[in-house]
Amino acid sequence: MSFWFTIREGFKGFRRARLSTSLTIISIFFSHLMIGLFLLATVNFSRWVDTFKNRVELEVFLEPGADDNDAQVLARQVRAMPEVEQVRYISKKQAAERFEKEFGRSVYDVLQSNPLPTSLIVHLKPAYRNALSIDRLVRQLNKMEDVDEVVYPQRVIALIDRYLNVVYIGGVTVLLLLLIITFVLIYNTIRLTIYARRDIIEVMKLVGATKRFIKRPFLIEGLLQGAIGSVLAIGAVWGVSLLIRDHLYSGLLPVGTPIWSLLVSGLLIGYISARFSVAKHLKEI
Amino acid sequence: MIEFYNVSTRIREQMILKDVTFRLVKGEFAFLTGPSGAGKSTILRHIYMDVMPDQGMVIVENYNSAKIKEKEIPMLRRKIGVVFQDFKLLPDRNVFDNVAFALRVTGVKGREIRRRVMRVLAEVNLGHKRNQYPASLSGGEQQRVAIARAIVNNPFIILADEPTGNLDAATSLEIMQILEKINRQGTAILMATHSQEILETFGHRRIIVRDGALRP
């Protein structure tokens, strides 16, 4: 009985402050739509970055004097490093074949001998495919015996990392701002409902309702606002992904399970802001 | 049952009660009288502990204003019925629900609510109007609903703050008769009023307040 009473009173709060409730739901909807679109962009952007970084390899050139045996020893050492996923050994002969494949002429035709050095092609584990880890690894490799030079697309990797950081920090800042705005709006809506329902709160106190009992409908109201706004946002993100996939880019990945974090966030922000508002404003009645 | 010991209270820097001491015994009917602003309502608010004394103490049944914890106050209020001049009914629910409200917020079960509400509505002769909304009732009927809500929890005392202040003489008499009936059933009544007519018609003990202090 008391449970349904609380739920019913929670819904009544909606009707009492219709305009501010609608505004709050709309703002939860928009802030969560933004978060959802951000998630959608992140999922797709990181897949694109991963595909690119997957192709990143370090080429470790050996000293001209190093022979096959030295190369095998070095390969074994490199393979044992924690950052390394795979090492491929390119002998002088294979290097010559690669040259021919790339330039269409044999190295012997151009230079009469094969000056191409032996090398190791190093693939990194996904966690280490960033500028910082690569730099550290390259410094380590350079110090090793028989290593002449390490070549890799340093500039591109640094650039991607820098932009990724800017995008993430910018995105998270905007999202935090949106959440703060949503907090203020819910806080204020609950304040308005509390004032709109002053009479009922006064009677509740008079007939001996406990504080918790008086608070509950307002918390339910905050939760409901959060749930409605965020579920609408989840629907909208889903719709937007379908539209993009059908009309713009068929390779679009959906957000998947993390989309439900929007519902969690909606419920949380609804509950927390209602709690703060109730704690502050119920006393004033 | 209700005891005030040298109670002095300031509200917003203003002295409202000065050294008030009195006692109300079980089942008593007493009037609290004096001019407007003398402190009658503040005395009533001390009893349901909406206001706490700055000095002295108020004892209501087993509760002492100096020792009561905040979470005990709702329990105290369930044993006290309060009636106001402006009724304080909820306009968005009918007579039955207004009375049932006092039981619902204290967690009484559905069937029990129905039984008790119907009983108290019969007691104030409003059973037939249980589905009407407060706006469609006369002042006297609204006050009877408020009284029904006040007694539905079987309180040991009814605090009535100028319950006839908004009513004509005939209706006031009707309300007084209901309060008398409730009192005869054993519930104490402390009623604030400045109506000479009521004071003279009903010869109960008078507690006179003037400028926040009791007069002999």
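This is a predicted model: local features need pLDDT of at least 70, side-chain atom pairs count only at pLDDT 80 or more; totals for chains, interfaces and linings use all residues.
Visitor: Great. How many does that rule find across the interface of domain 1 of chain B and domain 2 of chain B?

Guide: The rule finds 1 salt bridge there. B:Glu174 and B:Arg144 form a salt bridge through their side chains, at 2.7 Å from N to O.

Visitor: And which helix gives the most to the side of domain 1 of chain B that touches domain 2 of chain B?

Guide: Helix H6 of chain B, residues 169–184, with 7 residues. By type, that side of domain 1 of chain B has 8 nonpolar, 2 polar and 3 charged residues.

Visitor: Switching topic: where do the domains of chain B run?

Guide: Domain 1 covers 1–79 + 155–216, and domain 2 covers 90–153. Their centres, taken over C-alpha atoms, are 23 Å apart.

Visitor: What area is buried between them?

Guide: About 1100 Å², and carbon and sulfur atoms give 66% of that. On the domain 1 side, B:Arg78, B:Pro155 and B:Ile178 supply 40% of the area buried against domain 2 of chain B, more than any other three residues.

Visitor: Last one: how many residues are in contact?

Guide: In chain B, 13 residues of domain 1 are in contact with 12 residues of domain 2.

Key
Residues are numbered from 1 along each chain as its sequence is written. Chains are lettered from A and ligands numbered from 1 in the order in which they are written. Side-chain values use heavy atoms; hydrogens and water are left out. Domain bounds come from an automatic or database domain assignment. Contact means heavy atoms within 4.5 Å. Buried area is the accessible area (1.4 Å probe) that two parts lose on being put together, summed over both. A salt bridge is a side-chain nitrogen of Lys or Arg within 4 Å of a carboxyl oxygen of Asp or Glu. Helices (H or I, at least four residues) and strands (E, at least two) are DSSP runs, numbered from the N terminus. Ala, Val, Leu, Ile, Met, Phe, Trp, Tyr, Cys and Pro count as nonpolar, Asp, Glu, Lys and Arg as charged, and the others, Gly among them, as polar.
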